[in-house]
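Colleague: I have a new model open on my screen and would like to learn how to read it. Could you walk me through some features with me?

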Amino acid sequence: MYSRKLVFLLIATLFVLASCGVDNGGNSESSGSEDGKWAEIQESGELVVGTSGTLIAASYYDGEGETKDQLTGYDVEVMREAAKRLDLDVSFEIMGIDSMLPAIKSGRIDVAANDIEITSKRKEEFNFSTPYKYSYSTMVVRKGDYSGIDSLEDLEGKVAGGGATTVYSEIARHFGAEVKTYGNAPNEAYLRDVHNGRSDVIVNDYYLSKFGVAAFPEFDIMLHPELKFHPTEQAAVLPKGADKLTEKVNNVLSEMREDGTLTKLATKFYKEDASKKPEGEIKEIEGLDL
């Protein structure tokens with residue numbers, strides 16, 4: 001009798017463990033992973049998105065018209081529309097780019113959307129949505145002499161403005177530049193320093209750089225006319241293992257691509273369709289550990 005009860009308890013325990021979904025490391029899935037994160041968001045009825053509010057065209061505060069002082073930009077409006085289609089409210093937490101990924105891990109935010117590039121290293125720690133922006137990297141330099149930069153190798157010994165943990169700063173370091181960091185400063189701070197010689201260059205996304213330069217015509221800066229390198233894909237960043245949430249976000253992004261919403265938003269903010277891969281030859285950089 002005793003042995004029958006013991007066998008029954010062992011079988012019951014096995015069924016319970018199986019239903020918990022033990023991972024390869026022997027740990028049960030937490031409430032923040034798989035369906036748990038999506039269920040948590042559904043219960044709250046709100047998607048919390050981390051973004052900077054300082055990145056012209058991607059995430060910034062509009063200073064004109066009916067939307068004056070309202071947070072907007074391509075990434076912001078993509079997330080607004082995605083939340084709407086998921087039948088969720090959306091709120092935005094303003095923070096520096098270097099704080100966004102830690103904020104996902106801590107649970108402070110559900111998603112980060114700030115022109116963030118998909119990389120192999122990041123995919124080890126986070127989920128990514130399907131890309132909603134395609135681009136490449138270029139440089140902002142002084143008009144008169146291109147800041148002495150005619151090739152990527154000329155970055156050696158130069159001072160590059162950038163965020164401490166961005167891919168663009170890694171590219172600058174890779175070629176020997178010193179990176180000057182700013183925290184969550186607006187574009188103007190980076191661009192003004194190139195203009196006045198406190199820094200030499202900004203390595204950054206083509207679209208963001210184009211709009212940054214255009215916003216300050218009084219500065220002695222320009223996009224480098226010859227350098228196109230490091231093709232990129234940008235997407236929303238989500239918690240590692242939050243696969244149901246990722247699936248839901250991907251479904252609405254697919255709808256937005258098919259019905260033309262991504263193209264409409266990209267053209268509105270970038271004056272080009274940044275939701276599609278750019279044409280032309282773009283140099284790949286070998287040896288980057290991203």
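This is a predicted model: local features need pLDDT of at least 70, side-chain atom pairs count only at pLDDT 80 or more; totals for chains, interfaces and linings use all residues.

Colleague: Is lysine 271 buried or exposed?

Modeller: For that we look at relative accessible area, where exposed means over 50%. Lysine 271 has 58% relative accessibility, so it counts as exposed.

Colleague: Which loop holds aspartate 115?

Modeller: Aspartate 115 is in the loop between strand S6 (111–112) and helix H5 (120–125). Its phi is near 55 degrees, a positive value in a residue other than glycine.

Colleague: And is aspartate 115 buried or exposed?

Modeller: The cut-off for buried is under 20%. Aspartate 115 has 6% relative accessibility and therefore counts as buried.

Colleague: Now strands. How many residues of S8 are buried?

Modeller: S8 is mostly covered, with 10 of its 10 residues buried. Arginine 142 is in this strand, which spans residues 133–142. At 16% relative accessibility, arginine 142 counts as buried.

Colleague: Which strands does S8 pair with?

Modeller: Pairing is read from bridges, and I like to take one partner strand at a time. Four bridges join S8 to strand S13 (residues 229–234), and the two run antiparallel. Within that pairing, serine 135 stands opposite threonine 232. Strand S11 (residues 202–205) is also joined to S8 by four bridges, again antiparallel, and there methionine 139 has valine 203 as its bridge partner. With strand S12 (residues 221–223), S8 pairs in the antiparallel sense over three bridges; valine 140 stands opposite leucine 223.

Colleague: What does the side chain of arginine 142 reach?

Modeller: For polar contacts, we look at the distance between N or O atoms. The side chain of arginine 142 reaches the backbone oxygen of serine 199 at 2.9 Å. Leaving out residues up to four places away in sequence, arginine 142 touches several others, including Ser147, Val194, His195, Gly197 and Asp220.

Colleague: His195 is on that list. Where is the place of histidine 195?

Modeller: Histidine 195 belongs to helix H7 (residues 187–196). Its relative accessible area is 30%, so it is partly exposed. Beyond residues up to four places away in sequence, histidine 195 touches Arg142, Glu218, Phe219, Asp220 and Ile221. A polar atom of its side chain lies 2.8 Å from the backbone nitrogen of aspartate 220.

Colleague: Last topic: which residues of the largest nonpolar core touch the most other members?

Modeller: To read a core, look for the members with the most neighbours within it, then for the elements that supply them. Here the core has 41 residues, and Leu47, Tyr74, Val78, Met79, Tyr132, Leu245 and Tyr270 touch the most other members. Elements giving two or more residues to this core include helix H2 (35–44), strand S1 (46–51), helix H3 (74–85) and helix H9 (243–258). H3 gives the most, with six residues. Another core lies apart from it, with 19 residues, among them Val141, Val167, Phe175 and Ile285.

How values were computed
Residues are numbered from 1 along each chain as its sequence is written. Side-chain values use heavy atoms; hydrogens and water are left out. Buried means under 20% relative accessible area, exposed over 50%, partly exposed in between (1.4 Å probe, protein chains only). Contact means heavy atoms within 4.5 Å. A polar contact is a pair of N or O atoms within 3.5 Å; within protein, one must be able to donate a hydrogen and the other to accept it, and residues adjacent in sequence count only if both atoms are side-chain atoms. A nonpolar core is a set of buried Ala, Val, Leu, Ile, Met, Phe, Trp, Tyr and Cys residues joined through side-chain atoms within 4.5 Å. Two strands pair if DSSP finds at least two bridges between them.
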